[in-house]
Amino acid sequence: MIAFRELYKAFGPKQVLLGLSVEVHDGETLVIVGGSGTGKSVALKHVVGLLEPDAGAVEVDGQVVSRLRRRELTEMRSHIGYVFQFAALFDSMTIFDNVAFGLRRRRMTEADIRARVAESLRLVDLPGAERQMPAELSGGMRKRVGLARAIALRPKYLLYDEPTTGLDPVTAAVIDELMVRTREALGVTSIVITHDMRSAYTVGDRIAMLYEGRIRQEGTVEEIRQTADPVVRQFIEGRPDGVDQDSALVRGAA
Amino acid sequence: MLAALGRRSVGFMEEIGRLGQFLADTVRALPDVRTWGRQLFPTMRRIGVDSLPIALFIAAFTGIVLALLASYTFTGAVPLYLVGTLVGKTTMMELGPVLTGLALAGRVGANIAAELGTMRVTEQVDALETLAFDPHAYLVLPRVIAGTVMFPVVVAFAMAMGIFMGWVAATTLLPITTAEFLRGLRLFYVPFDIQFGLIKSASFGFVITLIGCHLGLGTRGGAEGVGSATTRTVVYSAEMILLLDAYWALTLLRPA
């Protein structure tokens with residue numbers, strides 16, 4: 001289980017997270033939605049220790065991430081796959097080397113690595129892409145390689161940072177389908193950060209809305225669809241009016 | 001004005017503190033030989049071998065100019081064979097290491113800062129960490145070790161080129177024979193001259209690569225941040241080269 005407990009984070013005078021608390025149960029996919037600049041990605045980075053909280057904690061399987069020693073953190077990270085917003089592929093390496101990268105930390109034979117890379121690329125519908133370079137791929141394909149790199153490690157948890165942002169609707173739907181298929185194939189627990197409500201409804205078991213640095217509402221997909229909360233309603237319906245826009249932005253959050 | 005000076009001093013000390021912390025993190029990554037060992041030889045080639053052309057180019061012209069400058073300065077009052085002495089001593093002890101260091105601050109330091117800065121802003125460094133790699137082991141150590149080891153090698157070639165071209169200039173443009181040039185070259189030569197130049201260049205390689213890695217990995221923002229990190233790397237590296245140059249002279253050249 002992953003748990004955010006009263007998480008606070010500021011960057012200089014900019015308050016981003018103001019007591020974020022939410023739990024992600026084993027086997028489920030929690031989608032965290034919210035407007036741009038509300039600190040969704042900041043929250044996600046705390047899970048793998050890329051950021052340290054000012055107060056509060058993130059717990060992964062009962063371990064407080066910010067208190068882990070370097071070796072313990074490395075061990076914990078090996079159970080988590082992270083799919084970055086812009087894929088974050090190593091642009092000097094081939095697709096094979098990108099997907100194989102994390103596997104080389106493990107004591108696997110070259111034959112096993114080759115097999116795992118091929119299997120992972122097959123799972124994201126990119127079989128035979130091993131020799132290509134990231135620069136030769138479209139945005140959607142890069143995201144799929146990013147997903148392949150994450151699942152190659154057979155992680156217990158998968159974290160998706162804006163997986164469909166910047167993609168056309170068809171490619172976004174393909175990514176959504178891949179996320180659902182990955183969960184079914186590997187049985188992973190996932191956190192998905194997005195502001196794409198169609199994606200949230202497709203991949204989520206539960207949805208939590210981040211607003212002004214904390215969770216405004218969380219519930220099942222159906223509960224969120226039926227919500228009476230005006231802020232959540234405005235967001236999921238994508239209406240520009242109805243709630244004071246200035247208050248919808250976390251103060252100064254990037 | 002005092003307040004501004006104080007703020008600048010505090011800022012400078014903070015920067016030194018951050019660099020010290022960065023160095024400590026880098027040292028802590030040393031046992032992870034499996035990670036940095038694989039990167040070391042390709043990085044040594046990139047930092048060392050690929051820097052040879054620019055280093056040799058600079059050294060060649062420095063050697064020529066030194067020979068002509070020496071003959072111009074001596075103007076008959078000093079024996080011309082001392083052209084060899086001046087070319088040798090200056091190239092080995094000062095101009096070889098310092099000019100090569102300054103050139104490589106641009107070539108190597110800027111390259112490292114731009115590369116790591118781009119990796120930082122495109123989240124490739126974060127990706128490394130989430131894949132359980134320590135950026136200090138994977139990115140920093142190979143560059144710092146390669147810089148410290150390869151700068152003296154490059155400078156050694158630059159010394160040889162500088163002296164060779166000094167000899168070419170002296171024997172073709174000045175009324176001096178090869179025997180006279182060599183006599184001057186040997187006159188005050190001690191093996192320490194070369195050691196001094198190589199020690200300096202190793203320290204230059206260390207600080208240039210360390211500063212490039214520190215500022216590159218500390219990049220914030222997009223293209224502007226990368227540009228700023230690159231520029232600051234070149235400026236700080238050049239300043240550090242001159243400071244270290246003075247430090248080594250003060251510690252190793254003062255009469256006992």
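Leaving aside its neighbours within four places in sequence, with which residues is B:V83 in contact? The partners of B:V83 are B:A67, B:A70, B:S71, B:A170, B:L174, B:I176, B:F181 and B:G184, where contact means that the C-beta atoms of two residues, placed from the backbone, lie within 7 Å. The model is predicted: local features need pLDDT of at least 70, side-chain atom pairs count only at pLDDT 80 or more, and totals for chains, interfaces and linings use all residues. Residues are numbered from 1 along each chain as its sequence is written, while chains are lettered from A and ligands numbered from 1 in the order in which they are written.

Chain A contains 9 helices and 10 strands; helices (H or I, at least four residues) and strands (E, at least two) are DSSP runs numbered from the N terminus. The radius of gyration of chain A, 18 Å, is close to the 18 Å given by the globule rule for 254 residues, so chain A is as compact as a globular protein of that length. This radius is taken over C-alpha atoms, and the rule is 2.2 Å times the number of residues to the power 0.38. Of the 254 residues of chain A, 42% are buried. A residue is buried if 20 or more other C-beta atoms lie within 10 Å of its own, exposed if 12 or fewer, and partly exposed in between, with C-beta atoms placed from the backbone.

Strand β9 (residues 206-211) of chain A is largely enclosed by the rest of the structure, because 6 of its 6 residues are buried. A:R206, A:A208 and A:L210 point one way from β9(A), and A:I207, A:M209 and A:Y211 point the other way. Strand β3 (residues 29-33) of chain A pairs with β9(A) in the parallel sense over 4 bridges; pairing requires at least two bridges found by DSSP. Strand β10 (residues 214-220) of chain A runs antiparallel to β9(A) and is joined to it by 6 bridges. A:I207 has A:V31 as a bridge partner and A:G219 as its partner in β10(A). The hairpin of β9(A) and β10(A) has 2 residues between the strands, and A:E212 takes a positive phi near 50° there.

The largest nonpolar core has 139 residues, of which A:I32, A:V47, A:L159, A:I191 and B:V83 touch the most other members. Such a core is a set of buried Ala, Val, Leu, Ile, Met, Phe, Trp, Tyr and Cys residues joined through C-beta atoms within 7 Å. Helix α6 (residues 135-173) of chain B gives the most to this core, with 21 residues.
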